[in-house]
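Here is a friendly briefing to read alongside the model.

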Amino acid sequence: MEARYEMLVNGKMTGGSRSLDVINPATAEVFATCACASREEMEVAVTAAAAAFPAWSATSLDERRAVLIKMAEAIETNLDSLARTLTSEQGKPIGDAQGEVGGAAYFLRYYAGLEIPVETIEDSDARRIELHRRPLGVVAAIVPWNFPVLTAVNKIGAALLTGNTAVVKPAATTPLATLQFASLIKDFVPAGVVNIVTDNNDLGDVLTGHPLVRKVSFTGSTNTGMKVMSSGSATLKRMTLELGGNDSGIVLDDCDPEVVSQQLFDSAFANNGQVCIALKRLYVHDSQYDAICEKLAEIARAAIVGSGLQQGTQLGPVQNRTQYDKLKSLIEETRKDGNIIAGGDSPDGPGYFINPTIVRDIADDARLVTDEQFGPVLPVMRYTDVGDVIARANNTSYGLGNSVWSSSVEKAGAVASQLDSGSVWINKHGDIGPDTPFAGAKMSGVGIEMGMHGLLEFTQAKVVNYAKAANV
Ligand code: NAD
């Protein structure tokens, strides 16, 4: 029997007054239909979350931990089925989907293990000052299509542990695995504490403008992030914005092309390049430029591109038609801007497939270099002077991540210290985890997610200041 994908509102699975066709990007055909909310139904979910807040925020930390652990168990028990749904809607290879779904459970277990600290600012003869953390209220969690399950669950874990309730809105092209997760948690999460509501990419502003929403945890593009900030300003909502990136990788002159190239390739092409922190611009020292370009092209030509459900697939399709068309036009433009030495085409047959594409001899002002491509196309640029390449890497409005590659950690560290981004990696790229704070500099974001720093962004600081001497 075909699975039904309904929304979770106020503790019940519900059909919604609209429906949404979901396309499998490997076939370009509709393979499932799910519930989709109207504006009024989105409002109902916000009201349910607000109504659930007083009781949920009054629960003990241990009670909330227990709910997170149950969510993790529900995910683990249904890992294969969730991963299959995720691959069918998102496109990623099934092993990667299992990794994402398993990662979601891991994140929940991490949050369940955290304490919410009470900080003592001063404890003197005169006074005691403590910093407490209170929940905020209803959190709107808005999610993109590249890591739909992990991104949603990361926000749910942090919001719930700190005593908030949540309305989660998946992206319109990848709602299914998140709705499946909703059906797995509905029986043990108190009504209204988590609501999962789908739209057709048209109801985000209901959440970001709603007076009952106290915080927006948004992950998506910089353009939409700007709209979110503006829409939340009327009620001064707390905001965490995790936005786009154009991460550089800088390869110093002492790397072995044979060793480093595979890691560079993986850093750029994981999830088919559809990662906010994918390596999106690669700068290689002149002395190794030809060797690394050639090695990258060799790896790209050998990569197995196909349906994520097929055994052995390394790169699946691009997730949706809009992104596919954008990438195809970028590649056409790149034919005159640079030298495509691998890929640039699509395999025969249906689906949004693009063979992994390596471009060399391309200038820094080409659109493939200045814009976030968000797909399987990597520009490789040459440099001779380290000071110059640092300036080139920093010459962007984005500031999510950067990496430096060198056999000398000291040399790499000196370069890394001059790069302007929320994360910088040495001899790797994109390594994140639930315990590691993740921030975007410049136009790549506002605030921090993950780790204790990220958790505290789901709270209101409250200072309690006691007089010690009895003066009353
Ligand atoms: P997007 O901005 O188009 O959509 C993201 C979400 O916002 C979707 O759920 C969408 O429906 C919703 N949305 C659309 N308009 C809205 C509005 N006016 N108000 C509120 N919500 C609205 O992004 P996308 O194309 O789904 O995802 C790709 C982008 O996300 C890339 O730029 C990528 O770098 C970025 N991203 C960033 C991170 C990070 O942590 N920094 C992680 C993953 C993806």
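The chain is split by its domain assignment into domain 1 (7–243 + 440–463) and domain 2 (248–426); such bounds come from an automatic or database domain assignment. This is a predicted model, in which local features need pLDDT of at least 70 and side-chain atom pairs count only at pLDDT 80 or more, while totals for chains, interfaces and linings use all residues. Residues are numbered from 1 along each chain as its sequence is written, and side-chain values use heavy atoms, with hydrogens and water left out.

**Where the two domains meet**

- Taken over C-alpha atoms, the centres of domain 1 and domain 2 are 30 Å apart.
- In domain 1, 26 residues are in contact with 30 residues of domain 2, where contact means heavy atoms within 4.5 Å.
- About 2,200 Å² is buried between domain 1 and domain 2, and carbon and sulfur atoms give 57% of that area. Buried area here is the accessible area (1.4 Å probe) that two parts lose on being put together, summed over both.
- The rule finds 13 residue pairs in polar contact across the interface of domain 1 and domain 2, with both residues at pLDDT 80 or more. A polar contact is a pair of N or O atoms within 3.5 Å; within protein, one must be able to donate a hydrogen and the other to accept it, and residues adjacent in sequence count only if both atoms are side-chain atoms.
- Helix α3 (residues 79–90) provides five residues, the largest share of the side of domain 1 that touches domain 2. Helices (H or I, at least four residues) and strands (E, at least two) are DSSP runs, numbered from the N terminus.

**Salt bridges**

- Between domain 1 and domain 2 the count is one salt bridge, meaning a side-chain nitrogen of Lys or Arg within 4 Å of a carboxyl oxygen of Asp or Glu.
- Lys 442 and Asp 420 form a salt bridge, with 3.9 Å between the closest N and O atoms.
- The structure holds 30 salt bridges. One of them joins Asp 202 to Arg 18, with the closest N and O atoms 2.9 Å apart.
- Asp 202 sits in the loop between β9 (194–196) and α7 (204–209), and Arg 18 in strand β3 (residues 18–24), so this pair ties together parts that are 184 residues apart in sequence.

**The three-stranded sheet**

- An open, antiparallel sheet has three strands in the order β5-β6-β22; two strands pair if DSSP finds at least two bridges between them.
- β5 (119–123) and β22 (459–467) each have a single partner strand and stand at the edges, so one side of each is left without a neighbour in the sheet.
- From one strand to the next, the twist averages 20°. Axes are lines fitted to C-alpha atoms, for helices over the stretch in contact, and angles run from 0 to 180 degrees between N-to-C directions.
- β5 pairs with strand β6 (residues 127–135) in the antiparallel sense over four bridges, and the two form a hairpin with three residues between them.
- In β6, Leu 131 is the bridge partner of Glu 119, and Ile 129 is that of Glu 122.
- β6 and β22 are antiparallel too, pairing over nine bridges; there, Asn 465 in β22 is the bridge partner of Ile 129.

**The seven-stranded sheet**

- Seven strands form an open sheet of mixed pairing, in the order β14-β15-β16-β13-β12-β17-β18.
- The edge strands β14 (339–342) and β18 (423–426) each pair on one side only.
- The average twist from one strand to the next is 25°.
- Strand β17 (residues 401–405) pairs with β18 in the parallel sense over four bridges, and Ser 423 in β18 is the bridge partner of Gly 401.
- Helix α11 (residues 321–337) lies across β14, β15 (357–360) and β16 (377–383), and runs at about 115° to β14.

**A look at Asp 435**

- Asp 435 is found in the loop between β18 and β19 (438–439).
- Leaving aside residues up to four places away in sequence, Asp 435 touches Tyr 110 and Gly 451.
- The side chains of Asp 435 and Thr 436 make a polar contact (3.1 Å).
- Asp 435 and Ala 467 are 32 residues apart along the chain, and 36 Å separate their C-alpha atoms.
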